[in-house]
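Here is a friendly tour of one structure, taken a region at a time. Keep the 3D view open as you read.

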Amino acid sequence: MSRVLIIIDLQNDFCPGGALPVPDGDKIIPIVNKIMTKFDKVVVTQDWHPENHISFASTHKKNVGDVIEIDDIKQILWPKHCVQGSYGAQLHKDLDLKKVDLILRKGTNPNIDSYSAFFENDKKTETGLRYWIKGLNLEEVYICGLALDYCVYYSAYDAVKSGFKTFVIKDATKGVNVPEGSIEKAIKHMLSLGIKIINHEEL
Ligand code: VGL
Ligand code: ZN
């Protein structure tokens with residue numbers, strides 16, 4: 001079985017001190033660096049938004065945490081984060097990039113958010129990652145990174161729906177838990193879809 005590791009959004013803005021910090025988000029980096037050798041291919045994703053992105057509360061002059069609906073897609077409004085070219089959008093300096101095969105940027109369309117590494121939030125527009133994985137005959141998809149209840153969860157959902165055997169490496173992820181309870185809800189849903197939740201020692 002050939003396997004790919006997808007490291008989601010380990011960027012400054014999602015780490016403590018950043019614009020949309022995931023509590024202890026940076027603590028997973030040593031584990032992520034350690035496990036990379038166990039995979040045939042390694043992908044890193046980068047949330048990469050234009051200045052006026054639809055997911056920013058500032059774009060709508062609304063409050064962070066407000067939920068709006070655009071074209072039937074629910075959108076939580078976030079603080080401005082991961083703006084293209086900014087320090088916050090850079091990958092965390094401690095993430096070891098030597099074994100990384102592909103860096104994939106997502107969320108570049110100002111009018112649509114993209115939590116998943118596979119599809120934008122319309123569930124239709126591809127990032128191309130599905131074809132890359134299929135084209136290389138990789139069969140098992142392992143996901144880690146930030147945030148467990150958003151980009152990791154949406155990516156795992158799309159991976160399993162795309163027919164890949166899908167694993168989430170729980171001790172190599174952290175969640176935001178906004179709104180309260182969203183981590184538990186995401187884990188329950190992933191388990192119900194047949195996604196395996198493992199710890200890195202099981203690799
Ligand atoms: C993410 C919220 C907004 C994530 C990205 O990487 O989980 N969350 N943009
Ligand atoms: Zn984002």
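## The largest cavity

Lining the largest cavity are 16 residues, and nearest its centre lie Phe14, Leu20, Tyr115, Tyr150 and Cys151. Its volume is about 140 Å³, and the structure holds 1 cavity of 30 Å³ or more. By class, the lining of the largest cavity divides into 10 nonpolar, 3 polar and 3 charged residues. Here Ala, Val, Leu, Ile, Met, Phe, Trp, Tyr, Cys and Pro count as nonpolar, Asp, Glu, Lys and Arg as charged, and the others, Gly among them, as polar.

A word on terms: on a 1 Å grid over the protein atoms alone, a cavity is a set of points where a 1.4 Å probe fits but cannot get out, while a pocket is an open set with protein on both sides within 12 Å along at least five of seven lines; lining residues have an atom within 4 Å of a point. Grid points are joined across faces, edges and corners, and a volume is the space filled by probe spheres set on the points.

## How to read the model

This is a predicted model, in which local features need pLDDT of at least 70 and side-chain atom pairs count only at pLDDT 80 or more, while totals for chains, interfaces and linings use all residues. Residues are numbered from 1 along each chain as its sequence is written, chains are lettered from A and ligands numbered from 1 in the order in which they are written, and side-chain values use heavy atoms, with hydrogens and water left out.

## The largest pocket

Two or more lining residues come from each of β4 (73-76), α4 (148-161) and α5 (182-192); helices (H or I, at least four residues) and strands (E, at least two) are DSSP runs, numbered from the N terminus. The lining of the largest pocket comprises 10 nonpolar, 5 polar and 5 charged residues.

Pro179 has a further feature to look at: a cis peptide bond joins Val178 to Pro179, with omega about -10°. Pro179 sits in the loop between β7 and α5.

## Helix α4 and its ends

Why is α4 largely enclosed by the rest of the structure? Because 11 of its 14 residues are buried, where buried means under 20% relative accessible area, exposed over 50%, and partly exposed in between (1.4 Å probe, protein chains only). Among the buried residues of α4 are Tyr150, Cys151, Tyr153 and Asp158. The cover over the buried residues of α4 includes β1 (3-8), β4, β5 (102-106), β6 (140-146), β7 (165-174) and α5.

In the loop between β6 and α4 lies Ala147, and the peptide bond from Leu146 to Ala147 is cis, with omega near -15°. After α4 comes Gly163, with a positive phi near 95°.

## The zinc site

Which residues hold the zinc ion (ligand 2)? Asp47 (OD), His49 (NE2) and His81 (NE2) coordinate the zinc ion at 2.0 to 2.2 Å. Donors are N, O and S atoms within 2.8 Å of the metal (3.2 Å for Na, K and Ca); water is not among the atoms, so sites may look incomplete. The donor residues follow the spacing D-x1-H-x31-H in sequence. His49, in the loop between β2 (41-47) and α2 (57-60), and His81, in the loop between β4 and β5, are 32 residues apart and link distant parts of the chain. His49 is buried, at 0% relative accessible area, and His81 is buried as well, at 3%.

The site of the zinc ion (ligand 2) is irregular, with angles of 87 to 169° among its 4 donor atoms. Four donors count as tetrahedral if all angles lie between 85 and 135 degrees; four count as square planar and six as octahedral if opposite donors are over 155 degrees apart and all others between 65 and 115; anything else is irregular.

## Loop residues with positive phi

Most residues other than glycine have a negative phi, and most peptide bonds are trans. Asp72 has a positive phi, near 65°, and lies in the loop between β3 (67-70) and β4. Asp72 is exposed, with a relative accessible area of 72%. Lys123, in the loop between β5 and α3 (129-135), also has a positive phi near 65°, and is partly exposed at 43%.

Methods. Contact = heavy atoms within 4.5 Å.
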